[in-house]
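Welcome to this tour! Open your viewer, get ready to select residues by number, and follow along one stop at a time.

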Amino acid sequence: AETENADYFEQVVAAGGDGKMAANWVINELFGRLKKEDHEIAESPISPARLGQIVALIKKGDISGKIAKDVFEIAYTSDRDPEEIVETEGMKQVTDTGAIEAAVDEVIAANPAQVEKARQNPKLAGWFVGQVMKATGGKANPKAVNELVTRKLAES
């Protein structure tokens, strides 16, 4: 079993291009799911190439880790190609800073009391990040949202 696990992992790394991220996905998501269903690696419904594609999509910034979990679930249960899932299901992460900025501006404008609180306690900026993520259906790039919220709160 150890050799099969190692072979699977190496194939995920080869397809995904990121050893650490591949390890996290193989150990946490895949092994966790297989164990829950009492399956061995040889019975995995998702191929190493497909899991590697998910890792590559995260690495490229096309999807977030949260979106990747949804893509994993669909690929695991339906044997669909991860890139095709992202395209057809409209799961691509929003990296257009203009669209993200518009959502940030909207949330800040609609919550002046929270803006005041956040100025006094910068840790409350996370609330705005959460609201923007909710407004974009979880598709906004979290790093871009954090940067824009921090900047906008400092400016306003």
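Which residues form a negative surface patch? Select Glu4, Asp7, Glu10, Asp38, Glu40 and Glu43, and you have the patch on screen. Keep in mind as you look that this is a predicted model.

**Stop 1**

Click on Asp7, which sits in helix H1, residues 2-16. Asp7 counts as partly exposed because its relative accessibility is 39%. Now move to Asp38, in the loop between helix H2 (19-36) and helix H3 (48-60). With 71% relative accessibility, Asp38 counts as exposed. Check its backbone too: Asp38 has a positive phi of about 55°, although it is not a glycine.

**Stop 2: another aspartate in a loop**

Select Asp79, found in the loop between helix H4 (65-78) and helix H5 (82-88). Here again there is a positive phi of about 55° in a residue that is not a glycine. Asp79 counts as exposed, at 51% relative accessibility.

**Stop 3: the whole chain**

Zoom out and colour by secondary structure. You will find nine helices and zero strands. The chain has a radius of gyration of 19 Å, whereas a compact globule of 156 residues would have one near 15 Å. Turn the model around: the C-alpha trace spans about 55 × 30 × 25 Å along its principal axes. Buried residues make up 37% of the 156 residues.

**Stop 4: salt bridges**

Side chains of opposite charge can pair when their charged atoms come close.

- Show Glu29 and Lys69, whose closest N and O atoms are 2.8 Å apart. Glu29 lies in helix H2 and Lys69 in helix H4, so this pair ties together parts that are 40 residues apart in sequence.
- Next, show Lys152 and Glu101, which meet in a salt bridge of 2.7 Å, N to O. Lys152 belongs to helix H9 (residues 142-155) and Glu101 to helix H6 (residues 97-110), 51 residues apart. Lys152 is buried, with a relative accessible area of 12%, while Glu101 counts as partly exposed at 25%.
- Finally, select Glu147 and Lys143, with their closest N and O atoms 3.8 Å apart in a salt bridge. Both lie in helix H9, four residues apart, about one turn of the helix. Glu147 is partly exposed, with a relative accessible area of 48%, and Lys143 counts as exposed at 60%.

Technical notes:
Residues numbered from 1 in each chain as written. Predicted model: local features only at pLDDT ≥ 70, side-chain atom pairs only at ≥ 80, totals over all residues. Heavy atoms only, no water. Helix = DSSP H or I, 4+ residues; strand = E, 2+ residues; numbered from the N terminus. Buried < 20%, exposed > 50% of the residue type's maximum accessible area, 1.4 Å probe, protein only. Patch = residues over 30% accessible without salt bridge, like charges linked within 9 Å, V, L, I, M, F, W, Y side chains within 5 Å. Areas by Shrake-Rupley, 256 points an atom, 1.4 Å probe, with all protein chains shown as cover. Salt bridge = Lys/Arg side-chain N within 4 Å of Asp/Glu carboxyl O. Lys, Arg positive; Asp, Glu negative; His and termini not counted. Charge placed at Lys NZ, Arg CZ, Asp CG, Glu CD. Rg over C-alpha atoms; globule rule 2.2 N^0.38 Å.
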